[in-house]
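Here is a short briefing on one protein chain. Look at the fold as a whole, then follow a single residue.

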Amino acid sequence: MNAPLSKTIVIWVMVGMVLIVLSAPTLVVLGASFTSGNIIAFPPDGFSLQWYAKIAMAADLRDAFMRSLAVATICTLIAIPIGTLAGIALSKYAIRFEKTFQVYLLLPFTIPLIGSGIGLMLLFGQMGMLGQIWPIGVACCVINLPFMIWAVSASAGGLDPDLELAAANCGAPPISTFLHVTLPAVMPGVISGSLLMFILALNEFLVSLLLTDARTVTLPVQIYNSIRSIITPDLAAISVVFIACAALVIALLDRLVGLDIFLKSK
Amino acid sequence: MQTSKQAYPFRWRVMDAVENTASAVWPSRFSRGLPYLMLLPAALLVLLLVIGMIQIAESSAHRLDRSTFLPSEDYTGANYSQIFSTGLYWTVLWRSLLGSVVVTALCLVFAFPYSYLMVRTSSPLLRKFLLIALFLPFFIGQVVRAYGWLIILGNQGVANGLLGLVGIEPVRLLYNYPAVLFGLVQYMLPFAVLMLAPALAAIPEELESAANSLGASWWRTFTHIVLPLAKPGLVGAGLVVLTLSLTDFAMPAILGGGSQDFIANAIYDQFFRTSDQGMGAALTLILVGIGSLAVGLVFTLFGAGTLAMGRDRK
């Protein structure tokens, strides 16, 4: 399409501003992590890898990162079966009270994170489960569950119901039909949904802040606590770990399902 | 030579067993209930939140006894009346509400051209670049992004360094309201773009060409064709940004430096600084109420937009 010049200019100026604002923190954190000075200053003091060497030695940071990985893994493992089943059910079947179910399953989004976090903190506290890793994983799964259901139901919407009927007609019993027809069809949704769940749980801050104590602190909470006291370049170096994880997940998303999946009209 | 074992492989036996178990546990005459069975685990998981909400409601009805530092036994609405009569809470509430409205408006304005270009561009390379530039900050998390802004906006930061090059004295850019709003806009932009994009992708490009060939300027085409058709996306994006920024904790805490608290920060302080659980719970419940009110209002006025899950998405 031949767009008028004024339209092209307006769009590109705004997109350019968005691009700068979106990328600035990432680029600056990357740059600051390589500084050779003891404080973060502009212009930077020169290039060194000393802060990476420093964080590689720090046991508390490594432990916190491992805990974050464990939380994200638990969250994803719970979300995959639960979200897949719910997504397929919502997109394939005519459900009575469908609106009610939708509103109910959207509760994790409509209840503010601080509300969910404090509610779960009180609940887990009463059950004596605080101070462990897995309740944090469960909590991260609850608050992000709609992402998983969306991803799966978007894929399941594209599945022709006749295919399942055809499988049944050829003599496939229900579970086989599910495993060989339904599940492969929704696989892109399951993959993109579980990658989303993983990275969001890895980064989850507020709910972790409420549910962790000194023994179970996760990496985002650890970074937050350190920001409060003093800003040193080692924080930038740890942050680069998150940037690397994000880049890895994006690469996986692109390879496995294609990033375009998020642009599909639903 | 084929043995009977090979003719009927082990995998088939397993599948037979699985199928038999499944039909024994859930006979096909129950098949109408199957979708509900599939929804059950998700419903149970979300039930945790509902129970949490009930817990909050319960503790919000107990006043903290200042002499023993234990919650009172009897039920009372004293926490609520104290909140409504304390000017500080009104200030915080007003700050959060105003902030989230401003952030939502800014996000929608700037997310629109971004998603439009991303959806409409004919270059797959540009589309991929825009997607990566969007997902990278989205996947990095709030704390790291706020930390990046601390480096940029700090007194010896990049922004002041650049200002210094043109001879301007360092300006205090952090720990004020605009800094918090700026951080929130940056945090919310990926959400807004991702909620808008599917709605824009659903608008046929031919409609715009048709408007063009009938003589409409691009601005007229935009206001009369694209904008009205993008409504589900705008509703979805607006709702997500509004509720998330209204209830945000990290940006006000990190970029506001304690002087620009939003409601979530006030709640956190009640629980962990003053240890007044009842008061914190009452504040939480009020916030949940405001959030649900906003969501309900938008849902009834405009429908669920791109937020809808399942079959009847528009």
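Of the 266 residues in chain A, 54% count as buried. Keep in mind that this is a predicted model. Chain A has 12 helices and zero strands.

**Overall build**

- Read from the N terminus, the elements of chain A run α-α-α-α-α-α-α-α-α-α-α-α.
- Along the principal axes, the C-alpha atoms of chain A fill a box of roughly 70 × 65 × 30 Å.
- Take the contacts in chain A between residues at least 6 apart in sequence: 73% of them join residues at least 24 apart.

**Surface and charge**

- Chain A has an accessible surface of about 11200 Å².
- Carbon and sulfur atoms account for 70% of that surface.
- Chain A holds 12 positive and 12 negative charges.

**A closer look at A:L159**

- Where does A:L159 sit in chain A? A:L159 is in the loop between helix 7 (134-157) and helix 8 (161-169).
- Is A:L159 buried or exposed? A:L159 counts as buried because its relative accessibility is 10%, and the cut-off for buried is under 20%.
- Leaving out residues up to four places away in sequence, A:L159 touches A:E164, A:T182 and A:A185.
- A:L159 and A:S91 are 68 residues apart along the chain. Their C-alpha atoms are separated by 9.5 Å.

Technical notes: Residues are numbered from 1 along each chain as its sequence is written. Chains are lettered from A and ligands numbered from 1 in the order in which they are written. This is a predicted model: local features need pLDDT of at least 70, side-chain atom pairs count only at pLDDT 80 or more; totals for chains, interfaces and linings use all residues. Side-chain values use heavy atoms; hydrogens and water are left out. Helices (H or I, at least four residues) and strands (E, at least two) are DSSP runs, numbered from the N terminus. Buried means under 20% relative accessible area, exposed over 50%, partly exposed in between (1.4 Å probe, protein chains only). Contact means heavy atoms within 4.5 Å. Accessible areas come from the Shrake-Rupley method with a 1.4 Å probe; for residues, only the protein chains shown count as cover. Lys and Arg count as positive and Asp and Glu as negative; His and the chain ends are not counted. The place of a charge is taken as NZ of Lys, CZ of Arg, CG of Asp or CD of Glu.
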